[in-house]
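I opened my notebook to look at one structure and its ligand.

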Amino acid sequence: MATIFDVAAKARVSVITVSRLLNNPSIVSSKTADKIYSVMESLNYQPSEIARSLVKKRTNTIGVIMPDIKNTFFNSWFRYVEEYAAAAGYNLLLCNTDEHAEIEMKYIKLLQAQRVDGIIVVPCSKKSVEYLAKSGINFILVDRAFEKIKTDYVITDHYAGAFEATEYLIKLGHRKIAVLRGAGELFPDIERFRGFLAAMRKHHLKIDNNLVLNCEFDDFSACKTMRDLLKKKERPSAIFSFNSLMMVGAIKAIKGAKLEIPKHISLLCFDEIPGYDIFTPGITSVVQQIEALGKESTKILIERIKSRSQARRKRMLLKPKLVVGDSCRKIEKGK
Ligand code: XLF
């Protein structure tokens, strides 16, 4: 395999000139550059990426940390990150934490050791975000923010989305609305719950704590929680599921109890559902701007990598959209 020394010798230039051409082509005259390129081609020379990154102090690699690879939402999001990053000439290293703080920290340290130029993270723990903020590494948060820590972020307006969804149910006449929420630790969960409470209060509706169902953002725990709820004598007229995985669990439990949506129980969920248009009934959902969450976060991170500046934090709040299907029924007064 040809080395940089072979290229320099055959082109009759110094090794430094070949190295300059590889790392900063604009400072080499076009005549010399042409000569070196043709020698490289004739020798089938492949520059070592490791050696180049040591010189440039850049690896052109971005680490992506996602919280749940089973969740199709994050798969679609990653696809947009990949598309934007590839067009900008960056490679990606993908890590999945399964919402575990220790795994998240382990991956952050691993990516640091791999000398990635920056990290895009959907974080599950405050501790790791504090660590990143102190480390000096370029990073951006997606989906989840920690207001007190100075970071770049691109998030959905979870509060507004949940408010609009709850108000939609209230206007259909629902009073007994159950929420399938997470454990109250993650930012989207806290914000969505705040939005739910605000809409209920605006319409002077009492919150029934028996209808606030704490589980995990997954189908298994949602299904179990819903089964327990549906065994009770009094059941809610509507369920607001805080994400699509939970919605899958809720549907399993509803079907298991031989109930129909929306005839016996209405269902609304946060997140876009893949294959939404083939579902019967179509599930009314709060759709996040996944493409913008992917592309804008990658764009902001790359700008920060390039400018090498720590100045002014960039924060983006994206509006979700309520897409009405036919999973929520109107309740006539007195029923
Ligand atoms: O972090 C939340 C949990 O699940 C995220 O926005 C999602 O709703 C995606 O499904």
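**Entry 1: the shell.** I sorted the residues of the shell around the ligand by type, and I found four nonpolar, three polar and four charged. I keep in mind that this is a predicted model. Next I wrote down the names. Among the residues that surround the ligand are Asn 71, Phe 73, Phe 74, Pro 188 and Phe 217. Asp 143, Arg 144, Arg 192 and Asp 271 are also on the list. Asn 243 and Gln 288 complete my notes on the shell.

Entry 2: How far is an oxygen atom of the ligand from a polar side-chain atom of Asp 271? I read 2.4 Å for this pair. For Arg 144, I noted 2.9 Å between an N or O atom of the side chain and an oxygen atom of the ligand. The side chain of Gln 288 also has an N or O atom facing my list, at 3.0 Å from an oxygen atom of the ligand. Then I looked up the cover. On its own the ligand has 280 Å² of accessible area, and the protein covers 100% of it.

**Entry 3: the site.** Where does the ligand sit? I found the ligand in the largest pocket. I then asked which elements give two or more residues to the shell, and they are helix 5 (72-87) and helix 9 (187-202).

**Entry 4: domains.** I noted the division of the chain into domain 1 (1-33), domain 2 (61-156 + 290-318) and domain 3 (158-288). Domain 2 and domain 3 each give at least three residues to the shell around the ligand. I also looked up the centres of domain 1 and domain 3, taken over C-alpha atoms, and they are 63 Å apart.

**Entry 5: backbone details.** I checked the peptide bond from Ile 261 to Pro 262. Is it cis or trans? It is cis, with omega near 0°. I placed Pro 262 in the loop between helix 11 (244-256) and strand 9 (266-270). My last stop was Asp 98, a residue other than glycine with a positive phi, near 50°. I found Asp 98 in the loop between strand 2 (91-96) and helix 6 (101-113).

Key. Residues are numbered from 1 along each chain as its sequence is written. This is a predicted model: local features need pLDDT of at least 70, side-chain atom pairs count only at pLDDT 80 or more; totals for chains, interfaces and linings use all residues. Side-chain values use heavy atoms; hydrogens and water are left out. A residue is near a molecule or strand if one of its heavy atoms lies within 4 Å of it. A polar contact is a pair of N or O atoms within 3.5 Å; within protein, one must be able to donate a hydrogen and the other to accept it, and residues adjacent in sequence count only if both atoms are side-chain atoms. Accessible areas come from the Shrake-Rupley method with a 1.4 Å probe; for residues, only the protein chains shown count as cover. On a 1 Å grid over the protein atoms alone, a cavity is a set of points where a 1.4 Å probe fits but cannot get out, and a pocket is an open set with protein on both sides within 12 Å along at least five of seven lines; lining residues have an atom within 4 Å of a point. A molecule sits in a cavity or pocket if more than half of its atoms lie within 2 Å of its grid points. Helices (H or I, at least four residues) and strands (E, at least two) are DSSP runs, numbered from the N terminus. Ala, Val, Leu, Ile, Met, Phe, Trp, Tyr, Cys and Pro count as nonpolar, Asp, Glu, Lys and Arg as charged, and the others, Gly among them, as polar. Domain bounds come from an automatic or database domain assignment.
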